[in-house]
Amino acid sequence: MTRTQSVMAQAPSPMAQKRIHSGDSGFNEGMRTWKSMASAQPAASRQAAAAMLLVFCLGLGAVAQSPNSLLDSATVAEQYLFSAANQERASRGLPVLRRDPQLARAATQHARAMAAHGTISHQFAGEAELTDRGASAGVPFSEISENVGEAGNVVQIHDMWMHSEHHRTNLLDPAIDSAGISVIQRGNEFYAVEDFAKTVRTVGLDEQESAIASLIAQRSRLSLASGSESVSAARQTCAMSTGFAGGRKPWFVMRFTSDSLTQIPDQLKTELASKQYREAAVGACASGRQSPFTSYNFAVLLYP
């Protein structure tokens, strides 16, 4: 039997098919999803795929995890899918993916569930959805997607994914940087899960603030407040939904979220270009809401 499905969840973009907003403005908040089914290969293609996988396996060893395997290292079948994915990306000039062990553990958990059920799905009864599985595994991400498949060998699964628009889109997404892949064998069937993510680098508040302050300095000649009182007021303002903290009133306050430390909102760029201000204070804070997505949160206060 051959079957595949794909799903994707990410922060919103102008092209998102479905959005879920938290109510705050920012660079990245929300989700989009899609699913699709792919058809089976002809018998000749299946035979060729099996031969390719046999050659690969003779060179590297074991084929796939058993349902009870606790190995954290990649099996031959998983190495094949990872290598094949990166070859597809490299041939199109896309950055190759790194293997994320936390994402791989999330993929393994779900692949075991598929093998236990004897079918493929992105979520079984009583199982967490993709975004929650990734977050529970400790993956800090702003975008996550998943391809699942079932077939007699993993070469065939990869070929089916590449011949399905939505699976191929997940695999060739230029925004993602990490992958976690798991393959579980049950009888003569292979159950494969590819989890992809755009990960968010985990850094302290000081480094986050320094990065945004540097971007502000590149666009203006504003003095950047660095005193403990100014930084404290900016951080408190970041954690507030409205208003500002501290005894000094800013002329402009912007709160925003982002998965990047290399850009600032266009509205803030416009304010900096207006030359109305002489000083800026930057504050970072942890998110005040429950979400599987990871983001940086900032408040920028501009003073006359």
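A residue is called buried when its relative accessible area is under 20%, exposed when that figure is over 50%, and partly exposed in between. With that in hand, look at strand β5, residues 189–199: 10 of its 11 residues are buried. Keep in mind that this is a predicted model.

**The whole protein**
- The protein has nine helices and nine strands.
- Out of 304 residues, 51% count as buried.
- Its accessible surface is about 14400 Å², and carbon and sulfur atoms hold 51% of that.
- Take the contacts with a separation of 6 or more: 71% of them come from residues 24 or more positions apart.

**Strand β5 and its partners**
- Strand β3, which covers residues 141–151, pairs with β5 in the antiparallel sense, over 10 bridges.

- Lys 198 and Asp 259 form a salt bridge, with their closest N and O atoms 3.1 Å apart.
- This pair ties together distant parts of the chain, 61 residues apart: Lys 198 belongs to strand β5, while Asp 259 sits in the loop between β7 (252–258) and α9 (266–273).
- Which of the two is buried and which is partly exposed? Asp 259 has a relative accessible area of 10%, so it counts as buried, whereas Lys 198, with 25%, is partly exposed.

**More salt bridges**
- Arg 235 forms one of them with Glu 209, and the closest N and O atoms are 2.6 Å apart.
- That pair, too, links distant parts of the chain: Arg 235 is in helix α8 (residues 228–239) and Glu 209 is in helix α7 (residues 205–219), 26 residues apart.
- Arg 235 is partly exposed because its relative accessibility is 26%, and Glu 209 is buried because its own is 8%.
- Lys 269 and Asp 266 make another salt bridge, with 3.6 Å between the closest N and O atoms.
- These two are three residues apart in helix α9, so about one helical turn separates them.
- Lys 269 is partly exposed at 25% relative accessible area, while Asp 266 has a relative accessibility of 57% and therefore counts as exposed.
- Back with Arg 235 and Glu 209, salt bridges with shared partners bring in Asp 206 as well, joining the three into one network.

**Glu 127, a buried residue in a loop**
- Glu 127 lies in the loop between α3 (101–117) and α4 (130–136).
- Is it buried or exposed? Glu 127 is buried, because its relative accessible area is 16%, and the cut-off for buried is under 20%.
- What does Glu 127 touch, leaving aside neighbours within four places in sequence? Its contacts are His 110, Ala 113, His 122 and Arg 133.
- Ala 113 is 14 residues away from Glu 127 in sequence, and their C-alpha atoms are 8.8 Å apart in space.

Definitions and conventions: Residues numbered from 1 in each chain as written. Predicted model: local features only at pLDDT ≥ 70, side-chain atom pairs only at ≥ 80, totals over all residues. Heavy atoms only, no water. Buried < 20%, exposed > 50% of the residue type's maximum accessible area, 1.4 Å probe, protein only. Helix = DSSP H or I, 4+ residues; strand = E, 2+ residues; numbered from the N terminus. Pairing = 2+ DSSP bridges. Contact = heavy atoms within 4.5 Å. Areas by Shrake-Rupley, 256 points an atom, 1.4 Å probe, with all protein chains shown as cover. Salt bridge = Lys/Arg side-chain N within 4 Å of Asp/Glu carboxyl O.
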